[in-house]
Amino acid sequence: MAGPRLSVSVDRFPIDGVFSISRGSRTESVVVVAEIRDGAHVGRGECTPYARYGESVDGVRADIEAYAGKIAAGLDRDGLIAEMPAGAARNALDCALWDLAAKKAGTSVAALVGVTPKPVETAFTISLADPATMAEHTAKAAHRPLLKIKLGGEGDPERLAAVRKAAPNATLIVDANEAWTASLYETNMRAAQDARVALVEQPLPADADEALRTLPRPVTVCADESCHDRHGLDALVGKYDAINIKLDKTGGLTEALALAHAARSLRFKVMVGCMLASSLAMAPAMLVAAGADFVDLDGPLLLKEDRVPGLRYEGSIAYPPEPALWG
């Protein structure tokens, strides 16, 4: 009898407008999907290759396809984690294996991992631009309770002031995407404090974040590019107050859940984030989000069109996935 069959595809989702961060702009999200078929049951997982981590669409697709024989031979999640490094390719395979296991067992992934899924409030992202443009975009989203503001280093105090004026009642979290320098840090951090920002994500480059040990942190500072999986988590103690867990960094749901538990034991706050992707990528992250302090799973809200079926969003509330989507 033939074993499970792996297939890989690439999907493209136009972005609703332009998505800009300190490293550049995009008008399209390109994702890679792993599908594992075992008899009548199919499991799927989606990942987003990220150039910041040396990934490409072609490379990630090839990395996944290279595991077709091992998947057919019965490679399980533990074996996958032991053999394959963390990253987007492993995320797609790990989530597909979870989805397949739940469907074969006639239950949910939530039941298999012992998590009670629940609706969560997600941030909504405002892309990096000049202060006036960011204020205009923020005003349109000011009804949302939680906004995530992309920053760029120079000029961030003006951006923060403009955004806060446009959304006086929203909770703000900001993401510098490694764009601050040690010389800009204290000025920009004071501006964040003045704007009543709740969290500053990855202010300094990952290879220069040792400075955070001695710099003031009047606002919660969250590691993103500096935190991938449990490896190296201890080294973040004293530099960061929180970590951002993304399944494309951890290499799947399995490690994401373990990382969340380990982070809690070290007294880090937990944020659950995403790359710019469809509901298929958000669905497994919802299980980690159930216990998070901050949730940023707005990827589908930034696309012109999502998958059908997709996650259900009511305003900024994201609901757990239906089995037809994942899990």
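Predicted model: local features only at pLDDT ≥ 70, side-chain atom pairs only at ≥ 80, totals over all residues.
What does Ser226 touch, once its neighbours within four places in sequence are left aside? The partners are Gln202, Ala206, Asp209, Leu236 and Tyr240. With one of them, Gln202, there is also a polar contact: the two side chains are joined at 3.0 Å.

## A sheet of three strands

Now turn to the open sheet, where three strands follow the order E1-E2-E3 and pair in antiparallel fashion. Strand E1 (5-21) and strand E3 (41-47) are at the edges. Each of these two has a single partner strand, so one side of each has no neighbour in the sheet. From one strand to the next, the twist averages 20°.

Let's follow one pairing more carefully. E1 and strand E2 (residues 24-38) run antiparallel and are joined by 13 bridges.

## Helices H4 and H10

Helix H4 (residues 88-105) packs with helix H10 (residues 253-265) at an angle of about 95°, and their axes are 8 Å apart. Because of that angle, H4 counts as roughly perpendicular to H10.

Which residues make the contact? On the H4 side they are Arg90, Asn91, Asp94, Cys95 and Trp98, while H10 brings Leu253, Thr254 and Glu255. Sorted by class, the contact of H4 with H10 has three nonpolar, two polar and three charged residues.

## Helices H7 and H8

Here is another pair of helices to look at. Helix H7 (residues 156-166) and helix H8 (residues 182-194) have axes that come within 9 Å and cross at roughly 5°. H7 is therefore roughly parallel to H8.

From H7, Asp156, Pro157 and Leu160 take part in the contact. They meet Thr187, Asn188, Ala191 and Ala192 in H8. By class, the contact of H7 with H8 has four nonpolar, two polar and one charged residues.

How values were computed: Residues numbered from 1 in each chain as written. Heavy atoms only, no water. Polar contact = N/O pair within 3.5 Å; in protein donor to acceptor, adjacent residues only side chain to side chain. Contact = heavy atoms within 4.5 Å. Pairing = 2+ DSSP bridges. Helix = DSSP H or I, 4+ residues; strand = E, 2+ residues; numbered from the N terminus. Axes fitted to C-alpha atoms, helices over the stretch in contact; angles between N-to-C directions. Parallel < 35°, antiparallel > 145°, perpendicular 65-115°, else oblique. Nonpolar A, V, L, I, M, F, W, Y, C, P; charged D, E, K, R; others polar.
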